[in-house]
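Biologist: I have a protein model open and would like to understand how it is put together. Could we go through it step by step?

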Amino acid sequence: VSNRKRAPYPPGPKPLPLIGNVLDFPSSSLAQEYVEWGKKYNSPILHAEALGNHVLILNNREDAIALLEQHAKLYSDRPQMPIFELMGWEFNVELLPYGDEWRQHRRVCQQHFNPQTARKYEALQMDKVRGFLQALIETPEQFDAHNKVLSISLTMNMMYGYDIKSIDDRVIEVAEAGNVIGSRLMAPGGSLINIFPLLRHIPPWVPGATSHKEAQEVKSLTEEMMRIPTEFVKKSLADGTAVSSLVTDFYEKKYSVGASEKEEDIIKNIAYTVYGAASDTTISASGTFFCQMALNPHIQKRAQEELDRVVGSKRLPTLDDRKSLPYLEAIYRELLRFKPPLPLSVPHSLAAEDHHYKGYFIPKAVSERAMTHDEEAYPDPFAFKPERFIDEKGKLNDDDRVLAYGFGRRICVGKSIASSSLHLKIPSPSVKVVRNLNRRYMQLWLQIASVLACFTIEKSRDKDGKEIEIDTTYEESGLLMMAATTRRKRQFECSFIPRSPAVKKLILEGI
Ligand code: HEM
């Protein structure tokens, strides 16, 4: 064993005594840095360490499949940080340690978000997307607010039957405020408590205990975020106005046949988790869409020609059209490849045992990844090119595994809400077999198809008619990447031009 343990770590920057690679980790654009490290150390699998914490970096899908899926039992934990508990986030399903508690939550998620139940959300999604198109006709300059309302109202409807009509809804306010501070605190280096866990015992009133105070603020915002919609559900059940949703259906069952406190907690935790997991990711992806369409009129034109050919101008696209729109599908794949909303995914953590792989010694480590920009799989990876998913015959190629949804047992459980695939088993080791798994995300697809069918997205112009350059920078909020479109402080400028008067009528009157 001692001989095996002498196997080297995977390549990576040389650590300094005590602090390891602390100085090598940039404070932003970590995924991009990992791509650079991959080139520098000429290896798709890398290792670094900071203050005794090991990080394993997987920059190609084959290694991710081999480790996170073939050895799923070993690689399905999540790193735990004391700050989670201080913020009241310890029951967030994404962060739960691998074990029975997580298994119970995941099982309930799968019951509710599997492909069959996903179909029941289709009408709601169509309805909300149509509302979004109407809002774009009426106040196009507020498209970023409409986009947020679309994503959040869908999530809140599915979870609580709670309809969000405006960006000023108190739920959005508290959830955003909590997420902004919480994401910062849990980012590497966001709080000293993550590095020195004993600091968590210092009471919040001690001068200088900033993280504690902020964590307490997040906790009360999180509680409010959970309380408002839960009370809404209970009231609507009492009033007889309740609509079906995850939480409403649960309380109906509880009041009629009973349910345990544990079951209630699980449902509440899932509904709360999904708010962040589902809305922010979708907002991020649609932000990339607006930006790339305004920047690439030729891509937009080609997609619109395809839509005109298949759907025509007398109706809006539906999910049934999806299989006949390969170029649009390529845009969807490229959006999630080009700027995955969670570029490093949610880290997996290696369970207690150490592991050997390809002659390397893998210590108990957190694994991260940046494989959507693997140059070998995606030449010219930093360019937005839907064509990379189209073969010589003009057909979609078979690279339909959307890496942005993650891997193994912790793979995004919400992708199935949108997936038409019926294969939800743990993917098998072979790349061939895992294809077709997570192809479809309905809401995002419906949104991009409908917007392109009805509008041309262009750069805005200033008062002299000069094009305003688009801000293509992204902001990182914890693990999440947000395009300039979706940021509060900097306004992303683009215009939505209805493609014809008939389209306007179609959106406003449904004909
Ligand atoms: C474009 C949309 C989305 C993207 C890009 C995305 C991405 C991800 C990623 C990368 C992970 C971590 C996977 C891993 O650890 O390997 C994840 C986990 C998760 N996602 Fe999503 N997601 C999206 C939408 C959704 C939706 C719509 C829902 C719910 C309806 C959802 C619920 C979850 C949950 C609960 C987890 C935690 C799973 C676990 O730890 O077992 N996500 N997602």
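Biologist: What percentage of the 511 residues of the protein count as buried?
Modeller: Please keep in mind that this is a predicted model. A residue counts as buried if 20 or more other C-beta atoms lie within 10 Å of its own. Of the 511 residues of the protein, the share that counts as buried by this test is 43%.

Biologist: How many helices and how many strands does the protein have?
Modeller: The contacts in the protein with a separation of 6 or more include 72% that join residues 24 or more positions apart. As for the elements themselves, the protein has 10 strands, and its helices number 19.

Biologist: Are helix 12 and helix 13 roughly parallel or roughly antiparallel to each other?
Modeller: Helix 12, which covers residues 246-257, packs against helix 13 with the axes 10 Å apart and at an angle of about 170°. Angles over 145 degrees count as roughly antiparallel. The two helices, helix 12 and helix 13, are therefore roughly antiparallel.

Biologist: Which residues in helix 13 does helix 12 meet?
Modeller: From helix 12, the residues that take part are Leu246, Val247, Phe250 and Lys254, and their partners in helix 13 are Glu264, Ile267, Ile270 and Ala271. Sorted by class, this contact of helix 12 with helix 13 holds 6 nonpolar residues, no polar ones and 2 charged ones.

Biologist: How are helix 15 and helix 18 set to each other, oblique or roughly parallel?
Modeller: The axes of helix 15 (residues 326-338) and helix 18 (residues 442-454) come within 11 Å and cross at roughly 120°. Helix 15 passes helix 18 in a right-handed crossing. With that angle, helix 15 and helix 18 are therefore oblique.

Biologist: What classes of residue make up the contact of helix 15 with helix 18?
Modeller: Helix 15 brings Leu328, Ile331 and Tyr332, which meet Leu444, Trp445, Ile448 and Ala449 in helix 18. Divided by class, the residues of this contact are no polar, no charged and 7 nonpolar.

Biologist: Which helix gives the most to the shell around the ligand?
Modeller: Of the 29 residues around the ligand, those that come nearest are Ala278, Gly406, Arg410, Cys412 and Gly414. The shell around the ligand divides into 19 nonpolar, 7 polar and 3 charged residues. Helix 5 (100-113) and helix 13 (261-295) each supply at least two residues of this shell. The helix that gives the most, with 7 residues, is helix 13.

How values were computed: Residues numbered from 1 in each chain as written. Predicted model: local features only at pLDDT ≥ 70, side-chain atom pairs only at ≥ 80, totals over all residues. Axes fitted to C-alpha atoms, helices over the stretch in contact; angles between N-to-C directions. Helix = DSSP H or I, 4+ residues; strand = E, 2+ residues; numbered from the N terminus. Parallel < 35°, antiparallel > 145°, perpendicular 65-115°, else oblique. Left-handed = near helix turned anticlockwise from the far one by under 90°. Contact = placed C-beta atoms within 7 Å. Nonpolar A, V, L, I, M, F, W, Y, C, P; charged D, E, K, R; others polar. Near = placed C-beta within 6 Å. Buried ≥ 20, exposed ≤ 12 C-beta atoms within 10 Å, placed from the backbone.
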